[in-house]
Amino acid sequence: MKSSLADVPGFRVGHAAVPGPDALSGTTVVLAPIGGAVAAVDVRGGGPGTRETDALDPRNVVERIDAVVLTGGSAYGLDAAAGVMAWLEEHERGVRVGPEPHQVVPVVPAACVFDLGRGGDWRARPDASVGRAAVEAAGTEVGEGSVGAGTGAVVGGLKGGVGTAGVTLASGATVGALVVANAVGSAVDPANGVLYGEYGAGPVQLPSPDVHLAALERLARARATSGLPPLNTTLAVVATDARLSRPQAQKLAGTSHDGLARAIRPVHLMHDGDTVFALATGTHDAGAEGALGPEEVNHVLAAGADVVAQAIVRAVRAAESIEGPGGTFPSYGDLYGS
């Protein structure tokens with residue numbers, strides 16, 4: 001049974017794609033349980049596209065949020081968050097600003113990846129209707145590969161996508177991640193074809209030299225077919241049921257970037273907008289006081305980086321090759337097999 005961000009109790013994930021024959025973009029929503037989650041964000045790429053991230057600063061007033069939106073379409077795609085915001089309002093979820101249950105303002109942080117034109121149609125990008133479709137599809141079965149915000153994702157010329165992973169710690173707390181792998185850098189070691197994120201995670205099986213050479217040649221040809229700029233961005237949401245303060249959630253968002261650095265090289269470039277969100281519900285009872293000690297917080301921080309790296313590997317392995325008017329993007333599986 002595969003692990004996922006939805007292993008963290010209460011969280012659900014939904015994907016939706018932009019319709020149309022020349023569309024290659026979409027939106028993914030991570031929906032927190034009713035009552036929301038403590039949230040934080042860490043942005044390290046040089047070209048980010050975000051919405052409502054300032055609200056997550058621990059110095060500011062918003063304590064908990066109900067959803068995070070990851071979307072294709074570059075800055076245009078941030079419109080998808082409006083559809084999620086409307087859905088949350090209809091369900092009376094958000095920051096209460098009046099005495100009545102419907103008097104809420106949902107705070108919906110969002111971040112985008114660059115995938116414009118990869119399907120051929122430059123204007124085929126997510127809007128509010130795609131965001132609504134994604135949140136309405138939210139469930140505990142989390143699709144991977146070329147779905148949602150990963151529909152048009154590319155990693156170093158390879159087809160990228162969505163990946164997810166999770167782990168339960170010795171304390172019983174759960175940490176999960178969902179990643180949209182869409183990077184200027186590569187997920188593959190050019191020396192041998194191994195996915196960077198697989199180093200240190202167990203025995204590594206090397207592709208044969210002939211397979212690796214053929215893969216390099218095919219990837220070089222594919223890169224030559226696209227005249228689009230190398231604008232990318234990798235996004236991640238790391239969730240846990242551990243009880244974290246807002247500053248601790250901020251630390252989790254930061255240390256989880258280590259998972260990006262393990263699995264993609266180089267990372268955090270000027271043409272990336274790499275962004276990691278951290279969400280913590282605090283529903284796991286860690287003791288009489290409910291708070292985690294410093295040692296257990298360290299375990300959560302380490303797990304965040306681990307599951308992000310694993311999710312990137314799964315995103316690349318689950319992706320499917322694309323060939324169309326926007327370019328040719330072969331998958332790792334087609335180049336190297338299983």
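These notebook entries record what I looked up in a predicted model of one protein chain.

**Conventions.** I number residues from 1 along each chain as its sequence is written, and side-chain values use heavy atoms, with hydrogens and water left out.

**Overall form.** I find 6 helices and 16 strands in the protein chain; these are DSSP runs numbered from the N terminus, helices being H or I of at least four residues and strands E of at least two. The radius of gyration is 19 Å, close to the 20 Å that the globule rule gives for 338 residues, so the chain is as compact as a globular protein of that length. The radius is taken over C-alpha atoms, and the rule is 2.2 Å times the number of residues to the power 0.38. Along the principal axes, the C-alpha atoms fill a box of roughly 65 × 45 × 35 Å.

Of the contacts (heavy atoms within 4.5 Å) between residues at least 6 apart in sequence, 78% join residues at least 24 apart.

**Strand β13.** I asked how many residues of β13 (residues 235-240) are buried. The count is 6 of the 6, so β13 is largely enclosed by the rest of the structure. L235, V237 and A239 point one way and A236, V238 and T240 the other. In general, side chains of a regular strand alternate between the two faces of the sheet.

**Partners of β13.** Two strands pair if DSSP finds at least two bridges between them. I see β12 (residues 174-181) pair with β13 in the antiparallel sense over 6 bridges, with A236 as the bridge partner of V179. β13 and β14 run parallel, joined by 6 bridges, and A239 stands opposite L279 in β14.

**Strand β3.** β14 (residues 275-280) also pairs with β3 (residues 38-43), antiparallel over 6 bridges; here A40 stands opposite A278. In β3, 5 of the 6 residues are buried.

**Open sheet.** I traced an open sheet of 5 strands with mixed pairing, in the order β1-β2-β5-β8-β4. β1 (12-17) and β4 (50-51) stand at the edges with a single partner strand each, so one side of each lacks a neighbour in the sheet. β4 runs antiparallel to β8 (residues 110-112) through 2 bridges, where R51 has A110 as its bridge partner.

Key. This is a predicted model: local features need pLDDT of at least 70, side-chain atom pairs count only at pLDDT 80 or more; totals for chains, interfaces and linings use all residues. Buried means under 20% relative accessible area, exposed over 50%, partly exposed in between (1.4 Å probe, protein chains only).
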